[in-house]
Amino acid sequence: MRRALLCLTALSVAVSPFAVAAQQSSTAAAARIAYPETARENVVDTQFGVAVQDPYRWLENDVRQDPRVRQWVTAQNQVTNAFLAQLPHRDAFRARMRELYDYERFSVPQKAGSRYFYTRNDGLQNQSVLYVRDGLTGAQRQLIDPNSWSQDGATALAEWEPSKDGRYVAYGVQEGGTDWRIIRVLDAATGRVLDDEVRWAKFTGIEWARDGSGFYYSRFPEPTAAQQFQSTNENHAIYFHRIGTPQSEDRLVFAQPDRPRLSNNGEVTDDGRWLIVYSNEGTDARYEITLIDLTQPNAQPRRIVSEAQNDWSYLGNQGTRFYWQTNKDAPRQRVVAMDIANPAALTEIVAEDAATLQGASIVGDRLVLRYLADAKSEVRTFDLTGRRLGTVALPGIGTASGFSGDMSDSETFYSFASFNSPGAIYRYDSRTGESTVFAQPEVAFDPARYEVRQVFYNSKDGTRVPMFLVHRRDLDTSRPQPTLLYGYGGFNAPELPRYQPKWMTWVDMGGVLAVANIRGGGEYGQAWHDAGRLANKQNVFDDFIGAGEYLIREGVTTNRQLAVEGRSNGGLLVGAVVNQRPDLFAAALPTVGVMDMLRFDRFTAGRYWVDDYGYPNREADFRTLYAYSPYHNIRTNVSYPPILVTTADTDDRVVPGHSFKYVAALQNADPNGAPHLIRIETRAGHGSGKPTDKQIEEYSDMYAFIAHFTGMAVPTRRAGERG
């Protein structure tokens, strides 16, 4: 998917006159804001001798079910929209962001039989469209256009998977941003949608039987209508759906009813013989592994990894010899072979490296391994004995992804992207080592006019942390500039160089982008993750605060020009650091954040997050969580910077009640200070599937907000614009 007030000594840097004006205007603007009245109720939980106040618990109720919450949402949006409408650069951000979103983009193609499947967006389409080619150089044919599914563009094409022979495509339909999926099937030759329909799939892959007779998927029991977006997710089970039959006839393949908190997902081996079942309880990649022999009717599942202690990722097999990527005895990952007749005996193929092994695949008779070296991609190739063969040449500092394949074919595809370069798609032949361009997007700016560099700074405890900086080459870096600092810091997820039109808009308008690779992520393997979770979560906040202090100390920006942004776990990060260091930031953007650390595990997928956060009902974890929980650590008589919270009504990953309660507490604690507003999107969820037009509107509002409060002097014509 994270204390005392510290003293900062480097705040005497010269301040931009634009920033001074914005800071002065923020107080005047806040004085004119009449926040909606939010009822405070006498709700107190006593936990381990601590009386925990929770006056806004009623805001946890589902907006669809509770008229009082619905009225509160409407009133808050009215206040927020009125404020955003007055921002001087809102239209400029929207116009430029629309230009930068308007570029052709592709997914990495997937080969099935003689067909190649991929998604494409022509630029401003709300949803990407699924296409197919019959042969590599065949004409492109449209298969699925989700833009026709709803008037507001909020119904999205989610997961999709062709059958092994390319005859069928099974695909997930995502409605309004929810995590629930409806799986349907179409004929790839004709585009005809079959009658098959599977409901209540969630957190699932789609795995076809080798003969194309049907597919395996994971689902939860059907919830009641009232609990569809809030109830905890339990009893995840794997089913097989046979093409041409109703879901009521789907066969239960694997379930563990005596362990309802386990997630169970299946993967069919390349030879079609085995179903590999991955079972785990939280968000950590720590799996029990079970094999089911698909050639034997009613075969009994056989557990080959009994203890959920390590990550296991299937790469391929030759009979009973299975190749895996794993962190067993290798925190930065390695490749091993296992004979499933004796699964405890592992043969090391590629040893752990100083760089972190991010992903691996077998393409033909070659291992293709993607490494992270200081948060940048390197791709290396090996034979199946582990002998190093070479590298895949990449265009520069960036992120390579893809390389899926199997032992029967040397052809694969990958993408490469960086902050100033959207994902180009390449075809790669593992036999020859040759890469050729499959699709190269054109963008409305010259990438050479932007500088991407990496710096390192020391956190509070001396840990060396990398950070990427991006800005226009013509920007006057001899003086401080408005700067956006972004971070995540959790769930072993690295922050990698990637192209985002919202970020490029900020940079193009004259700002600096800083992306910090703080602890809790996966940039340096398991140790980096462990150093930023559970009792070590404060390290994440210290790293992020350290990034801000570095940017100020080096003259990149000042505390009156520094904004922070984070999503989901990153929203928690922003909420926590603003509480701990309100003096350090000029504005903040916590998005779909986890803000109540004492009740996160009571809703939808929240129970999975205990791997990173701990258990609120265990005393040691409770005391750690209570000490940094954003909702519980808002104080009166503190001047918090301007804050724009964003969430969505259909977010059933991090339920919107987190953000509702947090902003209510902010408005109550600091009613006459800087603006503390919430923007609540309708028919949108945690982020995936959000229509392009909704993204442009939301990010334009967010970035115009921080531009105003960091004193950005928005140019009338962008330096990077072609013309």
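**Rings, charges and a sheet**

Reply: Let's start in a sheet: Phe-416 has Ala-424, in E30, as its bridge partner. Keep in mind that this is a predicted model.

Me: How many bridges join E29 to E30?

Reply: Seven. The two strands run antiparallel, and E30 covers residues 421–429.

Me: What order do the strands of that open sheet come in?

Reply: The order is E28-E29-E30-E31. That makes four strands, with antiparallel pairing.

Me: Which ones are the edge strands?

Reply: E28 and E31. Each of them pairs on one side only. E31 spans 434–439.

Me: And what does the twist average from one strand to the next?

Reply: It averages 35°.

Me: Switching to rings. How many aromatic pairs does the structure hold?

Reply: It holds 44. One of them is Phe-106 with Tyr-118. Their centres are 6.0 Å apart and the planes make an angle of 50°, a tilted pair.

Me: Which parts does that pair tie together?

Reply: Phe-106 lies in strand E3, residues 105–106, and Tyr-118 lies in strand E5, residues 115–121. So the pair links parts that are twelve residues apart in sequence.

Me: Is Phe-106 buried or exposed?

Reply: Buried. Its relative accessibility is 18%, and the cut-off for buried is under 20%.

Me: What about Tyr-118, buried or exposed?

Reply: Tyr-118 is buried too, with a relative accessible area of 0%.

Me: OK, another pair. Why does Phe-403 with Tyr-414 count as stacked?

Reply: Because the ring centres are 4.5 Å apart and the planes are at 10°. Stacked needs planes under 30 degrees apart.

Me: Where do those two lie?

Reply: Phe-403 is in the loop between strand E28 (399–402) and strand E29 (411–418). Tyr-414 is in E29 itself, so the pair ties together parts eleven residues apart in sequence.

Me: Are Phe-403 and Tyr-414 buried or exposed?

Reply: Both are buried.

Me: Which residues do ring pairs link into a cluster?

Reply: Phe-106, Tyr-116, Tyr-118, Tyr-131, Phe-413 and Phe-438.

Me: Last topic, charges. What sits over the ring of Tyr-608?

Reply: The charged end of Arg-607, 4.2 Å from the ring centre.

Me: And which residue lies over the face of Tyr-699?

Reply: Lys-502 does, at 4.6 Å from the ring centre.

How values were computed:
Residues numbered from 1 in each chain as written. Predicted model: local features only at pLDDT ≥ 70, side-chain atom pairs only at ≥ 80, totals over all residues. Heavy atoms only, no water. Phe/Tyr/Trp six-rings, centres within 6.5 Å; stacked < 30°, edge-to-face > 60°. Buried < 20%, exposed > 50% of the residue type's maximum accessible area, 1.4 Å probe, protein only. Lys NZ or Arg CZ within 6 Å of the ring centre and 35° of its normal. Pairing = 2+ DSSP bridges. Axes fitted to C-alpha atoms, helices over the stretch in contact; angles between N-to-C directions.
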